[in-house]
Amino acid sequence: MRLVLERRPHVSVRLLVLSPLVAVALTVLCGAVMFAAMGLDPWQALHVYFVMPVSDAWGLQEVAVKATPLILIAVGLALCYQSNNWNIGAEGQFLMGAIAGGWIAIATHGVPNGPWLLPAMLLGGALGGAFLALIPAVLKTRFGANEILTSLMLVYVAEYLLDWLVRGPWRDPGGFNMPQTVTFEPEATIPLLFGDGRLNLGTPIAIVVVIVAAILVARTLKGFEIRLVGEAPRAARFAGFNDRKLTITVFLVSGALAGLAGVIEAAGTIRQLQPAISPGYGFTAIIVAFLGRLNPVGCLVAGVFLAITFIGGENAQITLRLPLDVTRVIQGMLLFFVLACDSLVAYRVRLVSREAVA
Amino acid sequence: MTIAEAILLTVITAATPLLLAAIGELVVERSGVLNLGVEGMMIMGAATGIAVAILTGSSALGVLGAIAAGMALAALFAVMTLGLAVNQVASGLALTIFGLGLSGVVGARFVGVQREGIGKIDIPVLSDIPFLGRVLFEQDPFVYLSVLLVGGVWWFLNRTKAGLVLRACGENHTSAHALGYPVLRIRLVAILFGGACAGLAGAYLSLVYTPFWTSGMTAGRGWIALAIVVFASWLPWRAALGAYLFGGLTILQLHAQGFGVPVPSQLLAALPYLLTIVVLVLIMRVRQGSTAGPASLGVPFVPDR
């Protein structure tokens, strides 16, 4: 007797909807087992992780603040992954966006400036991220260099660049030698939505991006091209689509969105540059993209869920003295379960006797 | 010890973990599987290695623990990619994220615990050869093992039938299956071997290179090992060459600072990553854009009965 995979004749819509939910349920279950193994009360730990973040207004605001960059980045990554372009350097593109946008804020610090400043910063951030994403795209299309490795290597480069800037040339002279830039001026910060909390205009921007992307993917030729190149590259070539140009396009778009997320985080949430402005948004967004089935609206829902795990992890660090890495374990498990469940949507596992196989 | 000797020694110690991880991944990729989770398996090896070594007081058990941890993560990857035919790129990324997190949880109790690193083995007579003797024949066991592994893998791939079958699986899994070879079982063994090598590389980091645990201590070495496999065109001896080249680049940073070169330390730290990109581009130019990689690399295989 052995297990074999068998392709399902048709993929049922019910399974498609169910699969991410099952993945989340399995992750929560495994999380409970892990907490129990660490000597904690699993119910209490699960409560801290998944319920506390959404049980008061402040927590909900924080979830939205954390979900914003995740959603923005994931929408871009979904376009890449759909067309078989493996951009895994969104973390670096996020940092480049923060650097480029932050540079405008720092350069105009203390000089009179007008309402053009904030749009310029957002544009600068998007351009910064797009620039860093362009490098692996060009290296892939021109030289055939593996984009997975090149885009990832650039994450380290961007991290060191930011580190150098905030410790060196951009360090706040009045900051007691702390590795951080000046606090951005009010004109250079993204307005808050409510008086208290940190929720800012970045979140509505992310929602608009989701809507625009959803329409583009579902209703335009470009969206069709992206899906076709990923699913049937030969057919796409016969149809006259240029896959090199498409690679450049999706990398530029996903880099720009990651960069936009970076400048929103810097100018909206943190309001200055520091060495650690990201708790790994660029990598977590990969999980968001897959949990959201590479669909913009799906990314929105998935982004909120993964934002909860970030806040839950911070809560658990304070109340349960758990290391922050537990969050990463949960996120990694989630990606495993999402992928496994998606595979079981396409395939059926069947037990067959050895004779039947041979 | 002369400066040249010291530099050579540090190059060898920096290159060894890269070589161990790369030679394992090379076998995996030759069998047609792309496991991007090297970084995750490596850091789990590092964390488990030092945890076991501290708890039991035995470095040997620590090394075995590291190998077991690497293989356990590799087995998880195998279940996903072979058992469920999941996209290998995405599974590898999941493995890396998961491994980085889990290593932090495992290692949390051991942060800052110092222990004595694994010592060097002095090969008599040979180590008395002037200059090269001390550099080449007075090394820790991992260095010897890495060279043996390269030779062993070369011999296996090119001189044995099993190696030929493994390569056949990587070049065309449908044909290999049609000839009656158990493609998935062969790939499983290759993936486990890759995991063991990555775990070993991790053990080298936490038990020899810097004999204590810090979170994220692999610092992208798993990814550089993947780049080395591409650089090496999937050939074992070239992987060794690549590892020593990259090892040299990594330690450039230490020595440049030692000589007082007026360059920001961050630029030097970023150099290995930048040079990895340059090397990847150059090697593709040399090959005129044609990939010499195994033809079935990264393509999931579901045997139809």
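Helix H7 (residues 161-171) and helix H9 (residues 183-209) of chain B have axes that come within 10 Å and cross at roughly 105 degrees. An angle of 65 to 115 degrees counts as roughly perpendicular, so H7(B) and H9(B) are roughly perpendicular to each other. The model is predicted.

**Where H7(B) meets H9(B)**
- H7(B) contributes Val165(B), Leu166(B) and Cys169(B) to the contact.
- H9(B) answers with Val183(B), Ile186(B), Arg187(B) and Ala190(B).
- By class, the residues of this contact are six nonpolar, no polar and one charged.
- An α-helix has 3.6 residues a turn, so residues three or four places apart point the same way.

**Where chain B meets chain A**
- Chain B puts 40 residues into the contact, and chain A puts in 37 residues.
- On the side of chain B that touches chain A, helix H4 (88-107), helix H10 (221-231) and helix H12 (265-286) of chain B each supply at least two residues.
- H4(B) gives the most to that side, with 12 residues.
- The side of chain B that touches chain A divides into 29 nonpolar, nine polar and two charged residues.

**Helix H12 of chain A**
- Helix H12 of chain A covers residues 296-319, which is 24 residues.
- At 1.5 Å a residue, H12 of chain A should span 34 Å.
- Just after H12(A) comes Arg321(A), with a positive phi of about 55 degrees.

Notes:
Residues numbered from 1 in each chain as written. Chains lettered and ligands numbered in written order. Predicted model: local features only at pLDDT ≥ 70, side-chain atom pairs only at ≥ 80, totals over all residues. Helix = DSSP H or I, 4+ residues; strand = E, 2+ residues; numbered from the N terminus. Expected span 1.5 Å × (residues − 1). Axes fitted to C-alpha atoms, helices over the stretch in contact; angles between N-to-C directions. Parallel < 35°, antiparallel > 145°, perpendicular 65-115°, else oblique. Contact = placed C-beta atoms within 7 Å. Nonpolar A, V, L, I, M, F, W, Y, C, P; charged D, E, K, R; others polar.
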